[in-house]
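Please keep the structure open beside the text as you read.

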Amino acid sequence: MRSADTIVIGGGLSGSAIALGLVREGAGRVMLFDEQLPTQRLSRGNFGLTWFMCKGASHPIYAQWSRLACQHWPDFAARLEEESGYNIELEWTGGAVHAIGEEEFKVHTESIEGLKAVCAQVGLDYPVKMLDRQELAELIPKIELGPEVSGAMYTPEQGHVNPLKLMAAMRAAFQNKGGTFIGAQTVSAILPKTGGTIILKTNTGDYQCQKLVVAAGHGSTRLLAPLGEKLHIYPQRGQLMVTQRHKRVLSIPMLCVRQTPDGTFVIGLSTEDTALDNRVTTEAMQSQAANAIRLFPMLAKVNWVRAWGAIRVMTPDGAPIYSRIPGNDNITVVALHSAVSLAPLAVNIVAPWIGGTGDHELLPHFKNGRFDV
Ligand SMILES: Cc1cc2nc3c(=O)[nH]c(=O)nc-3n(C[C@H](O)[C@H](O)[C@H](O)COP(=O)(O)OP(=O)(O)OC[C@H]3O[C@@H](n4cnc5c(N)ncnc54)[C@H](O)[C@@H]3O)c2cc1C
């Protein structure tokens, strides 16, 4: 039977990051399996923000974790590019969330104060401030603001990345360091044996390993249920629109609009409870376009050329799940939203914790069992 020290199920952003972190830690023979179904395009269909601002408004630990991730991002990207040979197109320009009217400006201002206090509890800074309309206009002078925009929440310490290249780079670096990636590999069952060995049933035969990471997105629920583990995730659809290329005018990403280095605008901020239906709808397109034009009226003149939907892996409190399976401590599940933003921590902190070479004081807060009632 084919064997590895550790197998990671799921080659999306989460699984690729964990697999890379494991080989960096010298975790022995590591294999990464991915089913590669065209319908599972979450890691290929996201917005690409490397973001901490606003995250964790109702979950202090998640706010701290997100802030920490952005502290790791610049060094993480530099090392990843060196190891993989990829340019992941990280633009560490800062980012902003605009406000419409005075009331929203006030809400943003209050939220900054709250999250600043939360981050200070663990010695983290929270470098976010409000810009008034004039200051925002000066920050992005090549694009005109809509008349209702009152200002924005802004931090210089976040940015955006090409998420496709990020995933490809993590997979490449993993393989360059001796890891084995196997695509079109579907795991149908996880069978823990006495003594700690785990057998995996796959479409190409059986594998065995000593440690297993389940990072299969919505596919994880089905794999873990026979082990008695109810994974607390639910599907939430997001839809994105992409425009034709345009001369570069937007120099920082906004929460609902960003312009990529090749000139396209990516627009979107929809959240819908739709089960696993990843179709696009005219309602979401209309509302997202209207929202973006309210912010930047020039977008009304730019043609929209593509759109897609993708299904987020959401948890009830929005924070990640990094959790060992009770009774099977050598099996870990990783399930989360924001796997782009949190990729540096998956590589630098979560993987060493899984491999047994590291730990972090915030990790115990992310157990799947926190949702058990
Ligand atoms: C519209 C939208 C915008 C987003 N924007 C951002 C953003 O700006 N910033 C950010 O940080 N995050 C963003 N996200 C979230 C981000 O895309 C996800 O957190 C991330 O893609 C999750 O990756 P994953 O690897 O956990 O899951 P997935 O991408 O679903 O990967 C799981 C993989 O497991 C494989 N798999 C499943 N079952 C099996 C099996 N039985 N055997 C083998 N393989 C299996 C699947 O083929 C899949 O490739 C966005 C999401 C959406 C929908």
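A residue counts as near a molecule or strand if one of its heavy atoms lies within 4 Å of it. By that rule 36 residues surround the ligand, and the closest are Ser14, Asp34, Gln40, Ser43 and Ser341. Before going further, please note that this is a predicted model, in which local features need pLDDT of at least 70, side-chain atom pairs count only at pLDDT 80 or more, and totals for chains, interfaces and linings use all residues. Residues are numbered from 1 along each chain as its sequence is written, and side-chain values use heavy atoms, with hydrogens and water left out.

What classes of residue make up the shell around the ligand? It divides into 14 nonpolar, 18 polar and four charged residues; here Ala, Val, Leu, Ile, Met, Phe, Trp, Tyr, Cys and Pro are nonpolar, Asp, Glu, Lys and Arg are charged, and the others, Gly among them, are polar. Helices (H or I, at least four residues) and strands (E, at least two) are DSSP runs, numbered from the N terminus. At least two residues of the shell come from each of α1 (13-24), α6 (219-224), β12 and β15, and α6 gives the largest share, three residues. In terms of domains, whose bounds come from an automatic or database domain assignment, the shell takes at least three residues from each of domain 1 (2-48 + 164-233 + 317-371) and domain 3 (234-314).

Now look at the polar contacts, pairs of N or O atoms within 3.5 Å; within protein, one must be able to donate a hydrogen and the other to accept it, and residues adjacent in sequence count only if both atoms are side-chain atoms. A polar backbone atom of Glu35 is 3.0 Å from a nitrogen atom of the ligand, while a backbone N or O atom of Gln36 lies 3.4 Å from a ligand oxygen atom. Arg222 brings a polar side-chain atom to 3.5 Å from a nitrogen atom of the ligand. Taken alone the ligand exposes 1000 Å², of which the protein buries 96%; these areas come from the Shrake-Rupley method with a 1.4 Å probe, and for residues only the protein chains shown count as cover.

Grid points are joined across faces, edges and corners, and a volume is the space filled by probe spheres set on the points.

The second largest pocket holds about 450 Å³ of space. It has 20 lining residues, and Asn162, Leu164, Arg258, Arg306 and Trp308 are the closest to its centre. Two or more lining residues come from each of α5 (163-176), β12 (234-245), β14 (264-267) and β15 (304-314). Because domain 1 and domain 3 both give residues to the lining, this pocket lies between them.

Key. 1 Å grid on protein atoms, 1.4 Å probe; cavity = no way out; pocket = protein on both sides within 12 Å on 5 of 7 lines; lining within 4 Å.
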